[in-house]
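This report describes one protein chain for a reader who is new to structural work. Please keep the sequence and the model in view while reading.

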Amino acid sequence: MSSLEISSSCFSPETRLPSSHQSVEDNASEPSGKDVDDVQEKPKDIIQFTAEKLSVGEVSQLVVSPLCGAVSLFVGTTRNNFEGKKVISLEYEAYVPMAENEIRKICNDVRQKWPVRHIAVFHRLGLVPVSEASTVIAVSSAHRAASLEAVSYAIDSLKAKVPIWKKEIYEESTSSWKRNKECFWAAGD
C-alpha cells in the first residue's frame with residue numbers, strides 16, 4: 001500500500017488552492033512474506049507545490065527509512081545565465097490539480113520499474129532566485145541503483161509530462177516564458 005500526502009499553494013488566482021494535507025491509500029494488497037518492519041512502514045509518495053523556499057535536507061529526511069541503504073536526490077536550481085543573458089530569477093506557474101495527478105502517475109511508474117520505498121517530489125511556484133531550489137526529488141531504496149535510476153526517471157518524466165511553466169527574468173528588465181522542449185505537447189513545434 002502507498003499513501004500520498006499533498007500540500008498545495010500557488011500565486012495565481014486561477015490555480016490557488018488552500019493548503020491541505022490529504023492522505024490517499026492505494027488499495028493494492030500487501031505482498032505476503034514480508035517481515036514485521038516492512039508491514040509497519042508503508043511506502044509513501046509525498047507531493048508538494050509551494051511558494052516557500054525548499055529545504056533539500058527536509059525533503060531528503062522525508063524518505064529516510066531503516067529498511068533502506070540509499071537516498072538519492074535531484075535538486076534543480078536557478079542558474080544565473082541563459083544564452084548569454086543574465087538571469088536574476090525564475091517564475092513558475094502550474095495547473096496544480098493536473099500537476100499533482102501527473103506526478104502521482106510518475107510515482108506509480110517508478111514503483112512499477114524499481115523496488116523503492118518512499119518518493120518525495122517538491123516543486124516551488126512563484127519567484128525562485130538564483131541558486132535556490134525549484135525542484136527537489138528524493139527516493140529511498142534498499143540499494144543505490146534503484147533510487148538513482150528512479151530519480152533520473154522522475155525528473156525526466158516531470159519535465160516531459162507535468163504542466164509547470166517557467167519564465168526567466170533577466171537583469172535588463174525583460175523576461176521570457178520558456179518552452180519545455182522535453183514536454184510531449186511541444187513535440188513537432
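R144 lies in helix 4; helices (H or I, at least four residues) and strands (E, at least two) are DSSP runs, numbered from the N terminus. The model is a predicted one, in which local features need pLDDT of at least 70 and side-chain atom pairs count only at pLDDT 80 or more, while totals for chains, interfaces and linings use all residues. Residues are numbered from 1 along each chain as its sequence is written, and side-chain values use heavy atoms, with hydrogens and water left out.

R144 counts as exposed because its relative accessibility is 63%; buried means under 20% relative accessible area, exposed over 50%, and partly exposed in between (1.4 Å probe, protein chains only). Not counting residues up to four places away in sequence, R144 touches A70 and S72, where contact means heavy atoms within 4.5 Å. The unreviewed UniProt entry lists R144 under "binding site", together with H143, K159, K166, K167 and E168. UniProt positions are given in the numbering used here, feature names are shortened, and annotations may be inferred rather than shown by experiment. K167, which the entry also lists, is placed in strand 10 and counts as buried at 18% relative accessibility.

## The chain as a whole

The chain contains four helices and eleven strands. Of its 189 residues, 45% count as buried. Among contacts between residues at least 6 apart in sequence, 72% join residues at least 24 apart.

The chain exposes about 10,400 Å², and carbon and sulfur atoms supply 50% of this area. Accessible areas come from the Shrake-Rupley method with a 1.4 Å probe; for residues, only the protein chains shown count as cover.

## The nonpolar cores

In soluble globular proteins, nonpolar side chains tend to be buried together. A nonpolar core is a set of buried Ala, Val, Leu, Ile, Met, Phe, Trp, Tyr and Cys residues joined through side-chain atoms within 4.5 Å. Which residues touch the most other members of the largest nonpolar core? Of its 30 residues, they are F49, I103 and L158. The elements that give two or more residues to this core are strand 3 (44-50), strand 6 (85-94), helix 3 (96-113), strand 7 (116-124), strand 9 (133-141), helix 4 (144-161) and strand 10 (164-170).

Leaving aside neighbours within four places in sequence, L158 is in contact with I103, I106, V121, H123 and I164. A second, separate core has nine residues, including L54, V63, F122 and A138.

Strand 3 is largely enclosed by the rest of the structure, because six of its seven residues are buried. Strand 3 and strand 7 pair in the parallel sense over six bridges; two strands pair if DSSP finds at least two bridges between them. T50 has R124 in strand 7 as its bridge partner.

Leaving aside neighbours within four places in sequence, its contacts are L54, G76, T77, Y92, F122, H123, R124 and V128.

V64 is placed in the loop between helix 2 (56-62) and strand 4 (70-77) and, at 41% relative accessibility, counts as partly exposed. V64 and H118 are 54 residues apart in sequence and 7.7 Å apart in space, C-alpha to C-alpha. Not counting residues up to four places away in sequence, V64 touches E41, V71 and H118.

## Two residues with positive phi

Most residues other than glycine have a negative phi. E83 has a positive phi, near 45°; E83 is placed in the loop between strand 5 (81-82) and strand 6 and counts as exposed at 66% relative accessibility.

S131 also has a positive phi, near 75°. S131 lies in the loop between strand 8 (126-129) and strand 9, and at 59% relative accessibility S131 counts as exposed.
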